[in-house]
Amino acid sequence: MSHGDRHRPDGPDDRDGDAPVTPAELARAEAFGRWLDGLAAGDPLPPAMDSDDRALLETATMVMASSHAVELAPERARSLIDEALESAVLGRSGDADADALADADAETDVDLGMFAGGRVPARRPVAVRAVPPVAGAGDARDSAAASSTDLVTVRRKRADRVLRNLPWAVASLAAAAAVILFVTRPAVDHAARETPARPLRLGVANTSRPADSLIGIIARKDAGLASERLDVLFADRMDGYRDLTLRRALGKEQP
Amino acid sequence: MKARRPLVRAGLVALAAVCAVGGALGYAVGCGSRDTDGQAERRVTELPQPGPELSEDLMLGLALARNYHHKADVYLKEARFDQAVAALRQILSIQLPAGSPEAPEMVDVVQDARARLAKLLVTKGQLEDALAVVDEGIASATRQSFFLANLHTVRGEVLEARAVTIEERDKPAATVARRQAIEAYDRAIAIEKALIEQLAGGQER
């Protein structure tokens, strides 16, 4: 829309460019400026408006939107930051980030639409993107809107993850400890585990000695009775040997 | 409450003193009883210091000799003379494992088996074999014992039997045999006397 498209009997095209501004033009410019300031401040458009003035206002709004950095609402900006932090902490998939970015774009479009007066024509690309967002994005926006609640959710999810991984961690630690203990176990000294052999106190009966004191003088008539003498000798020595063996087996020994 | 504290303290001190005195008395009595037991176990005729302890090898050797004797007894009851002699000769070849301490009673057992074997050979008229068995035992003896004395006694019997055997055809030789028999008996008596004196003096060899 150019200045020459307008067809006003009292428009600038009908006059010389150097002609002084008439009071009517000045009043009309002041009214247009008030509308534009109101739109920038978030005021709605007047219900009844000339189509040329409406087109002019939209054009001015687009020029303002393109020439100034778009600033999100503080609440929305905080929710987007929370979502980004949540994604970074919980490692959400790229889709979630894409959704968040799409939400941000949609929010931007909505903001632009607000600048356009809330009634953006469908023929404009801005209006196409200003179509109500998908339901998921809306839920995310709703959940992200409550920043403090999101922090609790993050903590709860973190706790859930810890609890879910806790058994595996404990089992892994136990297995590692078992392996370490098996590898570093001290060598078993079987010789040391056995009862230390205390020196036995040997009595005369426990020692090897001549049989003279036991058998005594051998009479001539008994010279050939070696078998009987051996029985006596064997019984005596077995007595001492059995005592020695039992004392050693029981480990009972006098100090 | 404060008045009771000195009493409690005095009671504890008295209890500690009683325990100390009792422990000392128990220790003294225990030591004394051990010494008394040690003297009670010691026989008059036994060595004052104990020798090597009875070993399993020694007990196995004694058991083996005992079984050979019993085996010979069974053979003799069946009048199987040669088998009985063979069983007794097995005793002479019993040897303890290398490295085992010398067992005096095993030496005694072997000498006694020689005596029995010699007497058995004498009863069958095998005087030379009997004399050889006895002489081998006497020659291998390393100490005086009643079993060595018994061997000398058996040697005297063998010589006495030889004298009787050769009396008719060789009277001088029979006379010599009788003198040798007497000498053997005298050696036996000398050994026995010495041992009896040693045992009476509390020394065992």
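Reader: Hi! How many salt bridges does a search of the whole structure find over all chains?
Author: Hello! The search gives 21 salt bridges over all chains. A salt bridge here is a side-chain nitrogen of Lys or Arg within 4 Å of a carboxyl oxygen of Asp or Glu. This is a predicted model, where local features need pLDDT of at least 70, side-chain atom pairs count only at pLDDT 80 or more, and totals for chains, interfaces and linings use all residues; side-chain values use heavy atoms, with hydrogens and water left out. Residues are numbered from 1 along each chain as its sequence is written, while chains are lettered from A and ligands numbered from 1 in the order in which they are written.

Reader: And pLDDT is what?
Author: pLDDT is the predictor's confidence in each residue, from 0 to 100.

Reader: Thanks! Which residue forms a salt bridge with Lys157(A)?
Author: That is Glu86(A), with the closest N and O atoms 3.5 Å apart. Lys157(A) sits in helix 7 (residues 147-183) of chain A and Glu86(A) in helix 3 (residues 74-90) of chain A, so the pair ties together parts that are 71 residues apart in sequence. Helices (H or I, at least four residues) and strands (E, at least two) are DSSP runs, numbered from the N terminus.

Reader: Is Glu86(A) buried or exposed?
Author: Glu86(A) counts as buried, because its relative accessibility is 10%. Lys157(A), at 39%, counts as partly exposed. Buried means under 20% relative accessible area, exposed over 50%, and partly exposed in between (1.4 Å probe, protein chains only).

Reader: What about chain B, where are Arg116(B) and Asp73(B)?
Author: Arg116(B) is in helix 4 (residues 104-123) of chain B and Asp73(B) in helix 2 (residues 56-77) of chain B, 43 residues apart. Their side chains meet in a salt bridge of 2.2 Å, N to O. Arg116(B) is buried, at 9% relative accessibility.

Reader: Which residues do salt bridges with shared partners join into one network?
Author: Arg209(A), Asp236(A), Arg237(A) and Glu105(B).

Reader: Let's stay with Arg237(A). Where is it found?
Author: Arg237(A) belongs to helix 10 (residues 226-250) of chain A. With a relative accessibility of 1%, Arg237(A) counts as buried. Not counting residues up to four places away in sequence, Arg237(A) touches Arg209(A), Pro210(A), Ala211(A) and Leu214(A), and from chain B Leu54(B), Met59(B), Leu62(B) and Glu105(B). Contact means heavy atoms within 4.5 Å.

Reader: Okay, now the two chains. How many residues of chain A are in contact with chain B?
Author: 35 residues of chain A are in contact with 51 residues of chain B. The two chains bury about 3600 Å² between them, 61% of it on carbon and sulfur atoms. Buried area is the accessible area (1.4 Å probe) that two parts lose on being put together, summed over both. Ser208(A), Asp212(A) and Arg220(A) supply 18% of the area that chain A buries against chain B, more than any other three residues.

Reader: What is the count of salt bridges between chain A and chain B?
Author: The count is seven salt bridges. One of the pairs to look at is Asp112(B) with Arg229(A), at 2.6 Å, N to O. Helix 10 of chain A gives the largest share of the side of chain A that touches chain B, 14 residues.

Reader: How many nonpolar residues does that side of chain A have, by class?
Author: It has 16 nonpolar, ten polar and nine charged residues. Ala, Val, Leu, Ile, Met, Phe, Trp, Tyr, Cys and Pro count as nonpolar, Asp, Glu, Lys and Arg as charged, and the others, Gly among them, as polar.

Reader: What does the predictor give the complex as ipTM?
Author: The ipTM is 0.71, and the pTM is 0.48. Chain B has a mean pLDDT of 81, and 73% of its residues reach 70 or more. Over residues 22-49 of chain B, though, the pLDDT is below 50.

Reader: Last one: how many helices does chain A come to?
Author: Chain A comes to ten helices and zero strands. Of its 255 residues, 28% count as buried.
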